[in-house]
Amino acid sequence: ATDDGLAINISFIDRLLSQSRAVFFCLGIKKISSLSKKKKYYVQVRTYKTVSKVNYCSSWSGKKTVVTK
């Protein structure tokens with residue numbers, strides 16, 4: 001069985017991005033809740049694929065800054 005998806009790394013402190021939480025979900029539209037309004041977050045994304053219970057991940061994308069609405 002194969003499973004494709006994304007991993008999203010979210011942090012509100014720039015230098016702690018490597019220590020932040022990663023959110024995993026299958027490909028598709030997903031709303032990430034529990035983020036504060038009008039706050040700056042640093043985000044990275046990578047893809048993953050699971051084949052026969054073995055995870056294969058790409059490298060993390062470059063860091064992007066987003067501000068929530």
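Q: How much space lies in the largest pocket of this predicted model?
A: About 260 Å³ lies there.

Q: What makes I10, I32, L35, V66 and T68 stand out in the lining of that pocket?
A: They lie nearest the centre of the largest pocket, among the 14 residues that line it. A residue counts as lining if it has an atom within 4 Å of a pocket point. Of the elements, β1 (2–11) and β3 (40–51) each give two or more residues to this lining, and β3 gives the largest share, three residues.

Q: What kinds of residues make up the lining of the largest pocket?
A: Eight are nonpolar, three are polar and three are charged.

Q: How do you know that β3 and β5 are paired strands?
A: Pairing needs at least two bridges between two strands. Four bridges join β3 to β5, so they count as a pair, and they run antiparallel. In one of these contacts, K40 has V67 of β5 as its bridge partner.

Q: Where in the protein chain is confidence lowest, and where is it highest?
A: Strand β2 (residues 21–26) is lowest, at a mean pLDDT of 56, while strand β5 (residues 64–67) is highest, at 88. For the chain, the mean is 75, and 72% of residues reach 70 or more. Where pLDDT is low, the predicted coordinates should not be read in detail.

Note on methods
Residues numbered from 1 in each chain as written. Predicted model: local features only at pLDDT ≥ 70, side-chain atom pairs only at ≥ 80, totals over all residues. Heavy atoms only, no water. 1 Å grid on protein atoms, 1.4 Å probe; cavity = no way out; pocket = protein on both sides within 12 Å on 5 of 7 lines; lining within 4 Å. Points joined across faces, edges and corners; volume = space filled by probe spheres on them. Nonpolar A, V, L, I, M, F, W, Y, C, P; charged D, E, K, R; others polar. pLDDT = per-residue confidence, 0-100.
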